[in-house]
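Here is a short briefing on one protein model.

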Amino acid sequence: MDLLSSSVTDSMISSLNGLSLRHKALASNIANADTPGYKRVDVAFEGQLSEIINNERAAQLKKEQYSAQLMNSPTGAITLDTNLLRFNVLNAVEQSLTHKDFKPQINADNNSPENNKGNSVQIESEMSELAKNGMTYNAVAQLLSKKYAGLADVIKQAGG
């Protein structure tokens, strides 16, 4: 098992990537608040990240079921059902969306109302979202930092 990589760590890193891209999109919206015809943009990555996390949980559950079935079978008597379960586990893991597939993208928001210049940026809303996004980013970054600090402490204690 890779000590620096885990489902939780990968999820936090993916979140930071999505939040960083959202910060750029919000900053672009603010910078173009007076640009005629500008359409605000946003980054929606939470659904994709949720799907990845759910896929990982499902794959882990299938692995646990497979392991339990192997543990309960008599030595050398692996049944057809066990082989089928193993095939399903491997197939599910290979076909599911993973953190390597995570690609948040900036998308135009066509649902926001436009002002008389055809611009859809509402500066107060954008500033509020920017502050909220920044706080969320900082919270996730602090959690990730604490995780690595804890790992560093374990390494120091093991070496000393």
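The protein has four helices and two strands. Along the sequence they run in the order α-β-α-α-β-α. The model is predicted. Of its 160 residues, 26% count as buried.

**Helix α1**

- Helix α1 covers residues 7-31.
- With 25 residues at 1.5 Å each, α1 should span 36 Å, and its end C-alpha atoms do lie 36 Å apart, so expectation and model agree.

**Packing of α1 on α4**

- Two packed helices are described by the angle between their axes and the distance between the axes.
- Helix α1 packs with helix α4, which covers residues 123-159.
- Their angle is about 155°, and the axes are 9 Å apart.
- Angles over 145 degrees count as roughly antiparallel, so α1 and α4 are roughly antiparallel to each other.
- The crossing of α1 and α4 is left-handed.
- Residues in the contact of α1 with α4 comprise 16 nonpolar, seven polar and four charged.

- E124 lies in helix α4. Its relative accessibility is 61%, over the 50% cut-off, so E124 counts as exposed.
- From E124 to I30 the C-alpha separation is 9.3 Å, across 94 residues of chain.
- M127 is also found in helix α4. M127 has 43% relative accessibility, between the 20% and 50% cut-offs, and therefore counts as partly exposed.
- M127 and I30 are 97 residues apart in sequence, yet their C-alpha atoms are 7.5 Å apart.
- E129 is placed in helix α4 as well. With a relative accessible area of 31%, E129 is partly exposed.
- E129 and L26 are 103 residues apart along the chain, with their C-alpha atoms separated by 7.5 Å.

**Aromatic contact**

- A pair of aromatic rings is described by the distance of the centres and the angle of the planes.
- How many aromatic pairs does a search of the whole structure find? The search finds one.
- The partners are F45 and F102, with ring centres 6.1 Å apart.
- Their planes stand at 85°, and planes over 60 degrees apart count as edge-to-face, so the F45 and F102 pair is edge-to-face.
- The pair links distant parts of the chain, with F45 and F102 57 residues apart.
- F45 sits in the loop between β1 (41-43) and α2 (46-72).
- F102 sits in the loop between α3 (80-95) and β2 (106-108).
- Are F45 and F102 buried or exposed? Both are buried.

Methods: Residues are numbered from 1 along each chain as its sequence is written. This is a predicted model: local features need pLDDT of at least 70, side-chain atom pairs count only at pLDDT 80 or more; totals for chains, interfaces and linings use all residues. Side-chain values use heavy atoms; hydrogens and water are left out. Rings of Phe, Tyr and Trp (its six-membered ring) pair if their centres lie within 6.5 Å; planes under 30 degrees apart count as stacked, over 60 as edge-to-face and the rest as tilted. Buried means under 20% relative accessible area, exposed over 50%, partly exposed in between (1.4 Å probe, protein chains only). Axes are lines fitted to C-alpha atoms, for helices over the stretch in contact, and angles run from 0 to 180 degrees between N-to-C directions. Angles under 35 degrees count as roughly parallel, over 145 as roughly antiparallel, 65 to 115 as roughly perpendicular and the rest as oblique. A crossing is left-handed if the near helix is turned anticlockwise from the far one by less than a right angle, and right-handed if clockwise. Ala, Val, Leu, Ile, Met, Phe, Trp, Tyr, Cys and Pro count as nonpolar, Asp, Glu, Lys and Arg as charged, and the others, Gly among them, as polar. The expected span of a helix is 1.5 Å times one less than its number of residues.
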